[in-house]
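Here is a friendly briefing to read alongside your structure.

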Amino acid sequence: MGYWANIREVLRHSCVALSPLLPLMGQLLGEAKGLWIGTALACAVIIAALLRKQRLALSPPPRTAQSLNSALERAISERALTHKNSLCLALQLDDLNTIKDIHGVAGAETVCAQALANIAGVLRDADTAQASDDGPIIIVIGSDPRLDLEAALQIANRIQTAIAQPYLVDNATVLCSASIGFALLSRVSKQTPQAYQSAAITALMDAKRQGPGAVRAYSPELTIPAKHQMSRNAQVFDALESGAITAWFQPQVRIATGEISGFEALARWHHPNSGLIPPSDFLPTLENAGLMERLNERMLRASFCALKDWDQQGVNIPHVSVNFASDDLRNPKLVERIEWELDRQDLSADRLCVEVLETVMAGSGDDIIHHNLARLSDIGCLLDLDDFGTGHASIAAIRRFGIDRLKIDRSFITKVDSEAAQSKMVRAIISMANELGIEALAEGVETLSEHAKLAQIGCHHVQGFGLAKPMPLEETPAWIRAHKTKVTNVQSLTQRFA
């Protein structure tokens, strides 16, 4: 019994109850005939640690029983009676989207649960922390006469330190940082729960603009850029709903023949006053708001309508490529939705080319993404691996998902005609594609010299400003006619000189 007493003490210090382990410990000690008992003791410690990890991962968010609104109201009431200050913090994990792409939704949830448990460890009983599914974590530090700007910074740094502990996900160590914005109640002019919490979130938005791991305090001056950003966000949402964000199309050409091998659909926003807004200015807003799936639906519908329009004009466009983000591919009903749209437009599945970033395919451990990609390939959709060379996708992954084409990232295409290292890299990628029985498309081709070099080293397709910029659907017929005329003239000259 002396050994059991020691094990019980170890488990007590590991914060794990002994009762669920008794049968396992009995078997472990019973089968350890002739072995040093220390081995069994070490195994017990390991099992205890693993169970503690599991308990932390499955534990609910801390201190959610008490209403966040009640905590905010109480802080405001105490401020009115005693003039004691309180603190509201808003924080977001900086690396959550990357963790989700690499380890899937379950891995991200594990990190969130462990981070919340770590936060709970540095809070007092009088403090409140509450997390939402897609918003920031809000923390209210109870009234304290010593709360000032310096104390608030120390609290924020202590919370960041707690979050920065390593997490174990899928047997891999994951590190995470957090951006924090905070508001001292004494600096909030309107003393209401909504205004108090909004001040902390405004400070968080400013912190996120500064980069990962930043901490920012609220001041009334922050509301000016925040209001401007809110106004721009509202314009982006309205543009999506009203159809102002539309699909433009950029051609892809087969080098050997000059024939149009497809078009890529790209989101463009033509603002009535500001003109053409670059995608980098509105796509992050839609992504942060969880509206990328809705944008994808619009792009799919516009692409299918474009294919029908070209078919009716007697123009042979084999397919349209549409970009799919991680959130799109996590939709369990994605394939059914695509099949329904194809059937409604009377189009075969091979008229749609699904473009997936290499980082998504290489890093995602999400079974839903893998299942959807496999099913899309099974029903006949083409699969393009976008930005190839930037995400470390394995050859096994390329074969597993039936990739039809590698899109070589534009960073490799720039100066391919003048720098030997670039040329060798692209040549190696094309050689690998040939060995795998798939084709390669060069993105970002901007000059005739680059085009000619890619033809010389055996690239199959090209796309870029040197060929054509993205254009609205109504401009595509004129470009297609002009391109066909150019190809015909070139072929005629070639035959004459031959």
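Phe-249, Phe-263, Trp-310 and Trp-479 are joined into a cluster by ring pairs; rings of Phe, Tyr and Trp (its six-membered ring) pair if their centres lie within 6.5 Å, and planes under 30 degrees apart count as stacked, over 60 as edge-to-face and the rest as tilted. This is a predicted model, in which local features need pLDDT of at least 70 and side-chain atom pairs count only at pLDDT 80 or more, while totals for chains, interfaces and linings use all residues. Residues are numbered from 1 along each chain as its sequence is written, and side-chain values use heavy atoms, with hydrogens and water left out.

**Aromatic pairs**

- A search of the whole structure turns up four aromatic pairs.
- In one of them, the ring centres of Phe-249 and Trp-310 are 5.6 Å apart with planes at 75 degrees, so this pair is edge-to-face.
- Phe-249 belongs to strand β8 (residues 245–254) and Trp-310 to helix α10, so the pair ties together parts 61 residues apart in sequence. Helices (H or I, at least four residues) and strands (E, at least two) are DSSP runs, numbered from the N terminus.
- Both Phe-249 and Trp-310 are buried, where buried means under 20% relative accessible area, exposed over 50% and partly exposed in between (1.4 Å probe, protein chains only).
- Trp-269 and Phe-282 have ring centres 6.0 Å apart and planes at 85 degrees, so they too are edge-to-face.
- That pair links Trp-269 in strand β9 (residues 260–271) with Phe-282 in helix α9 (residues 279–288), 13 residues apart.
- Trp-269 and Phe-282 are both buried.

**Strand β8 and its partners**

- Eight of the ten residues of β8 are buried, so the strand is largely enclosed by the rest of the structure.
- β8 pairs with β9 in the antiparallel sense over nine bridges; two strands pair if DSSP finds at least two bridges between them.
- Ala-247 has Ala-267 in β9 as its bridge partner.
- Five residues separate β8 and β9 in a hairpin, and Gly-258 in the turn has a positive phi of about 80 degrees.
- Strand β17 (residues 471–472) runs antiparallel to β8 and is joined to it by two bridges, with Trp-248 opposite Pro-472.
- Strand β16 (residues 461–462) is also antiparallel to β8, through two bridges, and here Val-253 stands opposite Val-462.

**Nonpolar cores**

- The largest nonpolar core has 74 residues, and those touching the most other members are Ile-245, Leu-286, Trp-310, Leu-406, Val-426 and Leu-454. Such a core is a set of buried Ala, Val, Leu, Ile, Met, Phe, Trp, Tyr and Cys residues joined through side-chain atoms within 4.5 Å.
- Helix α10 (residues 292–312) gives this core its largest share, eight residues.
- A second, separate core of 31 residues includes Ala-115, Tyr-167, Val-169 and Leu-184.

**The open sheet**

- Five strands make up an open sheet, ordered β2-β3-β1-β6-β7, with mixed pairing.
- β2 (128–130) and β7 (215–217) are at the edges with a single partner strand each, so one side of each has no neighbour in the sheet.
- β2 and strand β3 (residues 137–144) pair in the antiparallel sense over three bridges, and Gln-130 has Ile-138 as its bridge partner in β3.
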